[in-house]
Amino acid sequence: QVQLVESGGGLVRPGGSLRLSCAASGSIFSIYTMGWFRQAPGKQRESVATITSGGNTNYADSVKGRFTISRDNAKSTVNLQMNSLKPEDTAVYYCNAKFPFGTDQYWGQGTQVTVSS
């Protein structure tokens, strides 16, 4: 039982920054692996960054050094700090929660990020 609500998307110039936030419901948030995915028009949804309950992170090669994922278990939130944004980062960004046992998985509604001059 996890409900996810994203916020923080918008329009930004190339080289700019945005911070996405995802608020999660549920009393067992801390055990989930959390992630950010994105999907551009006509493209497959792809993983951007993930963070485990233990704080281990993984990033897509395309965002390494520019994006940082973090979580606050006390507040049941996960964030994505996006710096040095490029036009190719334009997509709908989705928050994801994955239970470590079985196949339980949850998605937020998505938030639009547009990088354009």
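Tutor: Start at the surface. Ile 28, Ile 31 and Phe 101 make up a nonpolar patch there, with about 280 Å² of accessible area together. Patch members have over 30% relative accessible area and no salt bridge; like charges are joined within 9 Å, nonpolar side chains (Val, Leu, Ile, Met, Phe, Trp, Tyr) within 5 Å. Areas come from the Shrake-Rupley method with a 1.4 Å probe, and for residues only the protein chains shown count as cover. This is a predicted model: local features need pLDDT of at least 70, side-chain atom pairs count only at pLDDT 80 or more, and totals for chains, interfaces and linings use all residues. Residues are numbered from 1 along each chain as its sequence is written, and side-chain values use heavy atoms, with hydrogens and water left out.

Now the salt bridges (a side-chain nitrogen of Lys or Arg within 4 Å of a carboxyl oxygen of Asp or Glu). The structure has four. Arg 38 pairs with Glu 46, with the closest N and O atoms 2.8 Å apart. Arg 38 is buried at 6% relative accessible area; Glu 46 is partly exposed at 35%. The cut-offs are under 20% for buried, over 50% for exposed, and partly exposed in between (1.4 Å probe, protein chains only). Arg 38 also meets Asp 89 in a salt bridge, 3.0 Å from N to O. Asp 89 is buried, with a relative accessible area of 0%. Shared partners join Arg 38, Glu 46, Arg 66 and Asp 89 into one network. Another salt bridge links Asp 61 and Lys 64, at 3.1 Å between the closest N and O atoms. Asp 61 is exposed, at 64% relative accessibility.
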